[in-house]
Amino acid sequence: MNATVISKNTPNTMNTFADLGLSPRILRALEDAKYKTPPPIQAKAIPLLLDGKDLLGVAQTGTGKTAAFVLPILNRGAARIEDSQPRPQPKHGHALIVAPTRELAAQIADSIRTYGKHVRPSVAVIVGGLKPGPQIKAMARGVDVIVATPGRLMDHMSTGAIKLDQIQTVVLDEADQMMDLGFLPAIRKIMARLPRDRQV
Ligand code: AMP
């Protein structure tokens, strides 16, 4: 992966959400949430992500990192609705977000619902500690976004309940913590099942 790296030292030239190039459906949801301006991680990351770049973002918790990767994913969803592109096929997703804990996965899914209010993406939360049956059912028709912890995702990949070969965008949230928790072998296996031309 040849990723652009952004951090607090990267200059910031974007001051409003409209400057970033987001769809009106997303701008409306941000207005509803009373978000006025993008914090640095969003201002720096979103234009690059909308441009299809691979990116490694370094930012502390609480700085608005989630929206920095969720908004570009939703923007693609908005484009899909507006251009009437095909929805994901059964058992497939268009975007995959991998997180180290189920609490974080649940928070990400909440953010997707908030920012995606006018895009209304389908979301499956695939985490350990819950029965697999409802997760299999959630994936049956295919979803826009899969939010998953690595272990349970691998379980569903091995039974064929989840297929990753139509994923267009993958996010590894809190990648450093996932490495600390020993998820590197799982992440490698997950990445190996994605199409070659995905955005990371
Ligand atoms: P995070 O770093 O993703 O955990 O986000 C921290 C908090 O900042 C969350 O409660 C978000 O709702 C909030 N937030 C994210 N983006 C913005 C924004 N542009 N303006 C105001 N609040 C925001």
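Me: Helices (H or I, at least four residues) and strands (E, at least two) are DSSP runs, numbered from the N terminus. With that in hand, where does T149 lie?

Reply: T149 sits in the loop between β5 and α6 (150-159). Before we go on, this is a predicted model, where local features need pLDDT of at least 70, side-chain atom pairs count only at pLDDT 80 or more, and totals for chains, interfaces and linings use all residues. Residues are numbered from 1 along each chain as its sequence is written, and side-chain values use heavy atoms, with hydrogens and water left out.

Me: Thanks! Is T149 buried or exposed?

Reply: T149 is buried, with a relative accessible area of 8%. Buried means under 20% relative accessible area, exposed means over 50%, and partly exposed is in between (1.4 Å probe, protein chains only).

Me: And what does T149 touch?

Reply: Not counting residues up to four places away in sequence, T149 touches A99, P100, T101, R102, I126, V127 and G128. Contact here means heavy atoms within 4.5 Å.

Me: New topic: helix α4. How far apart are its end C-alpha atoms?

Reply: They are 20 Å apart. The expected span is 1.5 Å times one less than the number of residues.

Me: Which residues of α4 are buried?

Reply: L104, A105, I108, A109, S111, I112 and Y115. They cover an arc of only 160° around the axis, which puts them on the same side of α4. The arc is that of the directions from the helix axis to the C-beta atoms.

Me: What does that buried set pack against?

Reply: The buried residues of α4 pack against α1 (24-32), α3 (65-82), β3 (93-98), β4 (123-126) and β5 (143-148).

Me: Which residues are around the ligand?

Reply: Y115 from that buried set of α4 turns up again here, together with F17, Y35, T37, P39, Q42, G62, T63, G64, K65 and T66. A residue counts as near if one of its heavy atoms lies within 4 Å of the molecule.

Me: How much of the ligand does the protein cover?

Reply: The protein covers 63% of the 500 Å² of accessible area that the ligand has on its own. Accessible areas come from the Shrake-Rupley method with a 1.4 Å probe.

Me: Let's jump to Q199. Where does Q199 lie?

Reply: Q199 is in the segment after α8 and is buried, with a relative accessible area of 7%. Q199 and K53 are 146 residues apart in sequence, yet 6.7 Å apart in space, C-alpha to C-alpha.

Me: What else is Q199 in contact with?

Reply: Leaving aside neighbours within four places in sequence, its contacts include L48, R76 and T169. L48 lies in helix α2 (residues 40-50) and is partly exposed, at 23%. T169 is in strand β6 (residues 169-172) and is buried, at 8%.
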